[in-house]
Amino acid sequence: MADPAPFSVAIITLNEERNLGRCLRSVAFAADVVVLDSGSTDRTRELARDLGARVIEEPWRGFAAQKNRAAALGRYPWVLSLDADEWLAEGSEREIREALAAPRADAYAFDRVSSFSGGFVRRTWGKDRHLRLYRKDRARFEGAHVHESLRLDAGSATARLASPLYHLSYRSISDYVDRMNRYTTLAARALEERGTRFSAGRVVVSPAAAFAKHYLLKGGWRDGMRGFVVSAGSAFYVLLKYAKLWEATREVDREFRGLVPPTPEDPEPDATSPQSR
């Protein structure tokens, strides 16, 4: 029997063996599942094929471009875009099928519930709504390097699905710190490419504002120690992002350059300055 409201699932992967099975099992009802892999060295591709996904291997283009390519590979006009560490809640199948049987919007959003160190932080990272189910002729992912998001054509309508989207975001504090370092480097690069100038005032005020937003305004204190650590981490993320922007655009320290000249063993002692690139 033909699916009355078929859609494609698009997932991008790189070494997602630990996460992918949970994601794929939650969308087993979908008519088409595409996994676009960019060079995994673990069992990601084998696992995806075992669970019924179509696997395509292509080089990494960046988050937004990779997700758009995965959507383009889907067989149907409607696409559900998921990260490998996300999965649908029970009951999502019925709601998605009803939404697509008589669409009242061009894109549908999920409220995402994220985890941190073995538990969900429903308040600290609350109100985390993402458009993920969409008509691929009306929307595409945009964003430089990190924190890509779906952008709809003018005049497009959106709606919200009641079923949550779960996110196994950070398994441990070490994982949190490692990824924060990578993501803040990408975020600082995006700021620099947009021409954002470093501001000492911003690097002082913005981290405090980030902590207050997550811990006080969103009620992160109700998530216990997880809420405090995540709120403090959000403040540190902002600090690192702007500090790395400063580092990438700072002036050369002439005293340092005179006392620490390049050597054969260390040809770029001041490697992060724009003059050393």
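Let me start with a term: buried means under 20% relative accessible area, exposed means over 50%, and partly exposed is in between, with a 1.4 Å probe and protein chains only. Areas come from the Shrake-Rupley method with a 1.4 Å probe, and for residues only the protein chains shown count as cover.

Now the model. It is predicted: local features need pLDDT of at least 70, side-chain atom pairs count only at pLDDT 80 or more, and totals for chains, interfaces and linings use all residues. Residues are numbered from 1 along each chain as its sequence is written, and side-chain values use heavy atoms, with hydrogens and water left out.

The overall picture, then. The chain has 277 residues, and 47% of them count as buried. Its C-alpha trace spans about 75 × 45 × 40 Å along the principal axes. I get eight helices and eleven strands. These are DSSP runs, numbered from the N terminus: helices are H or I with at least four residues, strands are E with at least two.

Next, salt bridges. A salt bridge here is a side-chain nitrogen of Lys or Arg within 4 Å of a carboxyl oxygen of Asp or Glu. How many turn up in the whole structure? The search finds 25.

Take Glu58 and Arg69. Their closest N and O atoms are 2.9 Å apart. Glu58 sits in the loop between β3 (54–57) and α3 (63–73), and Arg69 sits in helix α3, so the pair ties together parts that are eleven residues apart in sequence. Glu58 is buried, at 15% relative accessible area. Arg69 is partly exposed, at 31%.

Stay with Arg69 for a moment. Arg140 is 71 residues away from Arg69 in sequence, yet the C-alpha to C-alpha distance is 9.8 Å. Arg140 belongs to strand β8 (residues 139–142). Arg140 is partly exposed, with a relative accessible area of 32%.

Buried or exposed? Arg250 is buried, at 16% relative accessible area. Asp270 is buried too, at 6%.

Arg135 is partly exposed at 27%. Asp137 is partly exposed at 48%.

There is also a network of salt bridges. It links Asp37, Arg45, Arg49 and Glu57.

On to helix α4, residues 92–101. Its buried residues are Ser92, Glu95, Ile96, Ala99 and Leu100. Down the axis of α4 they fall within an arc of 125 degrees, so they line one face of the helix. That arc is taken over the directions from the helix axis to the C-beta atoms. Why does such a spacing work? An α-helix has 3.6 residues a turn, so residues three or four places apart point the same way. The face of α4 turned away from the buried side carries the exposed residues Arg94 and Ala101.

Last, the surface. Which residues form the positive patch? They are Arg18, Arg22, Arg25 and Arg171. Patch residues have over 30% relative accessible area and no salt bridge; like charges are joined within 9 Å, and nonpolar side chains (Val, Leu, Ile, Met, Phe, Trp, Tyr) within 5 Å. Lys and Arg count as positive, Asp and Glu as negative, while His and the chain ends are not counted. A charge is placed at NZ of Lys, CZ of Arg, CG of Asp or CD of Glu. Arg25 is exposed, at 56% relative accessible area.
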